[in-house]
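Me: Hi! I've just opened this one and I'm new to it. Could you walk me through it?

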Amino acid sequence: MPVADLTTPYRRRLRRTARLLLHPTRIRRRLRWRRRALDRNRLLSLLPKDGVCAEIGTWRGDFAAAILSASSPGQLYLVDSWEYRTEEKYEQACYGGHAQAGQEGMDAMYQRVIDRFRSEIDSGRILVQRARSVDAAASFSDESLDWVYIDADHSYEGVKRDLDAYYRVVKSGGFLAGDDYGREDRWFGLGVTQAVDEFAGRCAELTIIGTQFLLKKP
Ligand SMILES: C[S@@+](CC[C@H](N)C(=O)[O-])C[C@H]1O[C@@H](n2cnc3c(N)ncnc32)[C@H](O)[C@@H]1O
């Protein structure tokens, strides 16, 4: 007779908790991710529904999936170069020196994103652009998007470039939003915050929700 082992899942959970307690940095990281998920949900609740929007920097597609379910966009563009960067500047980035699997890993990630959103891509609801963000921006007409979420190159220059490039593409009254505002990181420093603060002068409003920024175009 098969015997159900009801203790294994509990043991596993206990082991996971013990591992966490032994590693305070893991606890901190997990709490940070949880807080960020809540901030992002709040941000999405403030952005227009059923619109045409873009996520700049998609990685594995986790936030793209959240956008799909919370914002029910008519069209969602996913822009990412899925490129392993070898320059010294990107040594600490998750797609640079850090990334163990190099370009092969980025190619595999791109393929997984395509597989993950296969039905939305086939229906035309998701459009994937594998390109550098600024090159992809050139393919959009003026004021064609309701909002853009920027989460690609987090360096000061990278965020400034993306804000500049996508401002033209967002409708008047639309939004430029993004991740990691106020966060000081060992690879991008305070680059996101500096670029957003500078750019805010061109916008009607700047709203900060934890680590998320929301700029309203006049
Ligand atoms: C932090 S991850 C994005 C995470 C994703 N937004 C999420 O929350 O699930 C950054 C992504 O930006 C992409 N990226 C970095 N610089 C880029 C650039 N100049 N153009 C296009 N994509 C870029 C990287 O390939 C990487 O996948």
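Me: Let me start with a detail: which residue in β5 does Ile-150 stand opposite?
Reply: Ile-150 stands opposite Gly-178 in β5. Keep in mind that this is a predicted model.

Me: And what does Ile-150 pair with on the β1 side? I mean, which residue has Ile-150 as its bridge partner in β4?
Reply: That is Ile-56. Strand β1 (residues 52–56) is joined to β4 by 4 bridges, and the two run parallel.

Me: How do β4 and β5 run, parallel or antiparallel?
Reply: Parallel: β4 (residues 145–150) pairs with β5 over 5 bridges.

Me: Is β4 buried or exposed?
Reply: Buried. The rest of the structure largely encloses β4, because 6 of its 6 residues are buried.

Me: Let's zoom out. How many helices and strands does the chain have?
Reply: There are 8 helices and 7 strands. The chain has 218 residues, and 31% of them count as buried. Its C-alpha trace spans about 65 × 40 × 35 Å along the principal axes.

Me: What order do the strands take in the sheet?
Reply: The order is β3-β2-β1-β4-β5-β7-β6, in an open sheet of 7 strands with mixed pairing. At the edges are β3 (126–129) and β6, each of which pairs on one side only. From one strand to the next, the twist averages 15°.

Me: Which helix packs on the sheet and touches β5, β6 and β7?
Reply: That is α2 (residues 24–46), and its direction makes about 15° with that of β7.

Me: Tell me about β7, then. How many of its residues are buried?
Reply: 4 of the 5 residues of β7 (residues 212–216) are buried, so the strand is mostly covered. On one pairing, β5 (residues 170–178) is joined to β7 by 4 bridges and the two run antiparallel. Phe-175 stands opposite Lys-216 there.

Me: How does β6 pair with β7?
Reply: In the antiparallel sense, over 5 bridges, with β6 covering residues 205–209. Thr-207 has Leu-214 in β7 as its bridge partner.

Me: How many residues sit between β6 and β7 in the hairpin?
Reply: There are 2 residues between them, and Gly-210 in the turn has a positive phi of about 60°.

Me: Which residues other than glycine have a positive phi?
Reply: Among them are Ser-72, with a phi of about 35°, and Glu-143, with a phi near 50°. Ser-72 is in the loop between α3 (62–71) and β2 (75–79), while Glu-143 is in the loop between α6 (133–137) and β4.

Me: Why does Ser-72 count as exposed?
Reply: Because Ser-72 has 12 C-beta neighbours inside 10 Å, and a residue is exposed at 12 or fewer. Glu-143 is partly exposed, with 14 other C-beta atoms within 10 Å.

Me: Switching to helices: at what angle do α7 and α8 pack?
Reply: About 35°, with their axes 7 Å apart; α7 covers residues 156–167 and α8 covers residues 191–199. Their crossing is right-handed.

Me: Which residues in α7 meet α8?
Reply: Tyr-156, Val-159, Lys-160 and Leu-163 do, and on the α8 side they meet Gly-191, Val-192, Gln-194, Ala-195, Val-196 and Phe-199.

Me: How far apart are Lys-160 and Gln-194 in sequence and in space?
Reply: They are 34 residues apart in sequence and 8.8 Å apart in space, C-alpha to C-alpha. Lys-160 counts as partly exposed because it has 18 C-beta neighbours inside 10 Å.

Me: Last topic, the ligand. Which residues come nearest to it?
Reply: Of the 17 residues around the ligand, the nearest are Gly-57, Trp-59, Phe-63, Asp-151 and Ala-152.

Me: And how does that shell divide into nonpolar, polar and charged?
Reply: The shell around the ligand has 6 nonpolar, 4 polar and 7 charged residues.

Notes
Residues are numbered from 1 along each chain as its sequence is written. This is a predicted model: local features need pLDDT of at least 70, side-chain atom pairs count only at pLDDT 80 or more; totals for chains, interfaces and linings use all residues. A residue is near a molecule or strand if its C-beta atom, placed from the backbone, lies within 6 Å of it. Ala, Val, Leu, Ile, Met, Phe, Trp, Tyr, Cys and Pro count as nonpolar, Asp, Glu, Lys and Arg as charged, and the others, Gly among them, as polar. Axes are lines fitted to C-alpha atoms, for helices over the stretch in contact, and angles run from 0 to 180 degrees between N-to-C directions. A crossing is left-handed if the near helix is turned anticlockwise from the far one by less than a right angle, and right-handed if clockwise. Two residues are in contact if their C-beta atoms, placed from the backbone, lie within 7 Å. A residue is buried if 20 or more other C-beta atoms lie within 10 Å of its own, exposed if 12 or fewer, and partly exposed in between; C-beta atoms are placed from the backbone. Two strands pair if DSSP finds at least two bridges between them.
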